[in-house]
Amino acid sequence: MYDPLLRRAVRNYGGQQLSFPFPGIFLWNNFISEEEESELITDMDLNAWRESQSGRRKQDFGPKVNFKKHKVRLGGFCGLPPISRKLVLRMSQEPVLAGFQPVEQCNLDYHPQRGSAIDPHLDDSWLWGERLVTVNLLSDTTLTMSLEEGLTELGQGEVRVSVHLPCRSLVVVYSEARHRWKHAIHRHDIHERRVCSTYRELSAEFMSGGEQQNMGSQLLDIALSFEGTPI
């Protein structure tokens, strides 16, 4: 289990407590209020949800991307949704999120009746930058981090670290947790409807001085207009 106060992964085994540093997770409890949560869900449910993989439904606010071919185009992207403006401003006041400028927002809808889950994966790092930011809505869940090759201090074999995500909390995944550890939401950790919004920033290649800075500038201008509707 991840301990946010110690910033360590902790396991009780055979009457002994084992732990190791787990960098790259930041938790912000009660990032939004119950009233804001209700407002966000009402706003999302006014738009259509599209069927996605593994029992999820989604709403995308972002460019069209072919990650295999490293191609990105604007498509119908017209910005992040208006309701996200105040949340992005609030995020930027936290030192871990200083300078955070999201260019994509993905809303995901999980429900136990659909067997909703998301398999262990690493997010792209060609287009998306260092910090992945998720706001967790409607119910608590567990973010499972996994490392297939194990750790020296724990021996060989897959290592899993459970990160408890309270309802209305915000989690930032960055550093080793972003680039080395896969993350997942398992079916058995979805007990009732759960909605999340994940925000992604640009990689260095799309920022000032990068090879695709012009495209990055266009994406930022559009995203931060906050005039978006789901793609």
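How many aromatic pairs does the rule give here? The count comes to six aromatic pairs, where rings of Phe, Tyr and Trp (its six-membered ring) pair if their centres lie within 6.5 Å. This is a predicted model, in which local features need pLDDT of at least 70 and side-chain atom pairs count only at pLDDT 80 or more, while totals for chains, interfaces and linings use all residues. Residues are numbered from 1 along each chain as its sequence is written, and side-chain values use heavy atoms, with hydrogens and water left out.

**A stacked pair and its cluster**
- Phe-20 and Trp-181 are stacked, at 6.4 Å centre to centre and 15 degrees between the planes (planes under 30 degrees apart count as stacked, over 60 as edge-to-face and the rest as tilted).
- Phe-20 belongs to strand β3 (residues 16-21) and Trp-181 to the loop between α3 (175-179) and β15 (182-185), so this pair ties together parts 161 residues apart in sequence; helices (H or I, at least four residues) and strands (E, at least two) are DSSP runs, numbered from the N terminus.
- Phe-20 is buried at 8% relative accessibility, and Trp-181 is buried at 3% (buried means under 20% relative accessible area, exposed over 50%, partly exposed in between, with a 1.4 Å probe and protein chains only).
- Tyr-2, Phe-20, Phe-22 and Trp-181 make up one aromatic cluster.

- Trp-28 is partly exposed at 21%, whereas Phe-31 is buried at 3%.

**Charges over rings**
- Arg-90 has its charged end over the ring of Phe-31, 5.5 Å from the centre (NZ of Lys or CZ of Arg within 6 Å of the ring centre and within 35 degrees of the ring normal).
- Arg-194 places its charged end over the ring of Tyr-110, 4.9 Å from the centre.
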